[in-house]
Amino acid sequence: MRKHFIVQAAGVATLVIALAASGQMPSPTATLTPMPTPTPTPAPTLTPGPTPPMEESGAVSLSKGLEWSEKGAPVYTIDKAILTGLQQNPDILRAIQEIERSKGVIIEIRAQALPHITPTANYQWVDPNLSRATSFNRTGGSTPGSTPVVASSASQVRDLGPQAAAAATAKTTPNLQQTDVSYSIRVTGTQLLFNGTTYPAIRGTFFQRDSAYFALRSAIDQVLATVKTQFYQVVVNRALIGVQEESVRLLESQLKDQQNRFEAGTVPRFNVLQAQVQLYNQIPQLITARNTYRISILQLAKTLGLDYNPKRGVNAPIRVVGELTYNPRYISLLEAIEMGKQNRPFLKQARANVLNQVEQVHVALGGFLPTIETSGGGEWVSSPVNSSFHDISKGWVAQVTGSWPIWDSGEVWGKFKQQRAVLSETKITYDDDVRQVELEIQQAASTVVQNRELIQATEKTVEQAEEAVRLAKARLDAGAGTQLDVLNAQVQLTTAQSTRLQALFGYIAALAEFDRATGAQSVYTEKFNGIAPHATRSRTYYTGSDVDATGKPKRSNGLEAAPIRPMGREPSSK
């Protein structure tokens, strides 16, 4: 640059010397105009090169430090993403295991009312030295504090217990040596005949199983809505990258045009600086859009339950293929609220919790009732003088026991008051859950309407913004406009394109949330891999507006709205 400036100065000096030599001094009107100052070359760290376009595989070009690429990544459509989420999402897998746990609770509680058979065995060996000492005590004299047992006959000896029989045998037959091995076998069966707690507890476990089933359905609906939202979030983020790349390319071309005009001397240096600042302000937005796109893909992969594969390094785990489409849907708010109350698994799960607490109150009341059990079985006892299995005593044992807590100082009554309070809490929670469903449906419907209006408002905005950019450039080329008009028009175009994309995504996400809130996200045939309880196909879990927390009809207070006609039907005209 210095050489170029020195050459220009030498040229000016030569011209002055030539005029002086010819005797002609320059006139005032012939004042020398200085040559335009050459444009300094922008620093290479500031001027971005042209952004390479996206590859066919959907890869987004980034800095060399990350080298993010979608080349070779598995392709996922919206249908494949939903199926993968249903199979691998951890929330669904946990809900399925919760159903299995509730089945185990049913088996455990139900076993209390079924027979129990318990075999027990006893085997004992006593050192012969101890046996002789015991025999000496029995023949020579009894130990202090002991009472001799005498049997009059062999049959009476067999009717005594093992130790008493041994002592009696030693007394009646002092010449017999007591065996040092003894054993016994008993098989006992017990059966609960009556109590006031087990059978209500069994009924309560069935409601726990139903609650787990509806929790699974609620988890499925949530996963479906989340997958849809995150899938189209990836789509819109990729489209926003394209918008930012197009804006950067337009600003680069504008900067290059202003540099050419400045070098030609038709525009001031301010135009070049203004174009550079506008370009440098746009580049961070492009970087942010690319990072947002990467994170959205990783979030979707986590929701789908995909593990990190070390072989891919920093490359994309999946490649999303889809488009943002606008499919208008008519929404009737009153019908949607009633449908949400009737179909939402969230409310059915709350109903199951209420019914379970009702049974827990019955369990607490059962503490006031008696408990009756019976037991019986057989017993085989070895002979005290012969360890042979052929010389054993055997017989049957039967027993009936009963107990009744006549006075427990208020223990059962305290449990009853606790369970009754918990039941009231679950009823209050159910009523609040109904209001929560109503709120979620109204919010989702309002968001759908908002994004639908935004889509309609931005239908012509993008076209008008593109036309405004074209006209601003034409006016600038014709000398009737300014560079600021062009830059402002480009900013408005980028804003209009981003708003349009966000409105499309917002509408799709709002519809997914609306379907989840109304229970229309999925349709069940009540045969979900054979785990749907029979009670779920009855009116036990009808949660319409005309029933209370326990499923009983509500009392009319004159404030109820008119009946809601079924969804999808138009009012008949007469």
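Phe194 sits in strand E3, residues 181-194, where strands are DSSP runs of E with at least two residues, helices are runs of H or I with at least four, and both are numbered from the N terminus. At 35% relative accessibility, Phe194 counts as partly exposed, a label for values between buried (under 20% relative accessible area) and exposed (over 50%), using a 1.4 Å probe and protein chains only. This is a predicted model, so local features need pLDDT of at least 70 and side-chain atom pairs count only at pLDDT 80 or more, while totals for chains, interfaces and linings use all residues. Residues are numbered from 1 along each chain as its sequence is written, and side-chain values use heavy atoms, with hydrogens and water left out.

**The chain overall**
- The protein chain has 13 helices and six strands.
- Of its 574 residues, 36% count as buried.
- The accessible surface (Shrake-Rupley method, 1.4 Å probe; for residues, only the protein chains shown count as cover) comes to about 34,200 Å², with 58% belonging to carbon and sulfur atoms.
- Take the contacts (heavy atoms within 4.5 Å) between residues at least 6 apart in sequence: 84% of them join residues at least 24 apart.

- Phe194 is one of the residues making a nonpolar surface patch of about 710 Å², along with Leu193, Leu365, Phe368, Leu369, Ile372, Val400 and Trp413.
- Patch residues have over 30% relative accessible area and no salt bridge; nonpolar side chains (Val, Leu, Ile, Met, Phe, Trp, Tyr) are joined within 5 Å, and like charges within 9 Å.

**Nonpolar cores**
- A nonpolar core is a set of buried Ala, Val, Leu, Ile, Met, Phe, Trp, Tyr and Cys residues joined through side-chain atoms within 4.5 Å.
- The largest one has 79 residues, and Phe231, Tyr232 and Leu324 have the most contacts inside it.
- Elements giving two or more residues to this core include helix H2 (78-88), helix H3 (90-110), helix H7 (198-264) and helix H13 (483-518).
- H7 gives the most to this core, with 22 residues.
- Leaving out residues up to four places away in sequence, Leu324 touches Tyr232, Val235, Val236, Leu501, Leu504, Phe505 and Ile508.
- There's also a second, separate core of ten residues, among them Leu250, Val462, Val469 and Leu476.

- Ile78, Ala81, Ile82, Thr84 and Gly85 are the buried residues in H2.
- Seen down the axis of H2, the buried residues fall within an arc of 165°, so they line one face of the helix; the arc is that of the directions from the helix axis to the C-beta atoms.
- They pack against strand E1 (75-76), H3 and H7.
- Turned away from that buried side, the exposed residues are Asp79, Leu83 and Gln87.

**Salt bridges**
- The structure holds 16 salt bridges, each a side-chain nitrogen of Lys or Arg within 4 Å of a carboxyl oxygen of Asp or Glu.
- Glu359 forms one with Arg203, the closest N and O atoms being 3.1 Å apart.
- Since Glu359 lies in helix H10 and Arg203 in helix H7, this pair ties together parts that are 156 residues apart in sequence.
- Glu359 is buried, with a relative accessible area of 9%, and Arg203 is partly exposed at 40%.
- Arg470 and Glu467 meet in a salt bridge (2.4 Å, N to O); both lie in helix H12 (residues 461-478), three residues apart, about one turn of the helix.
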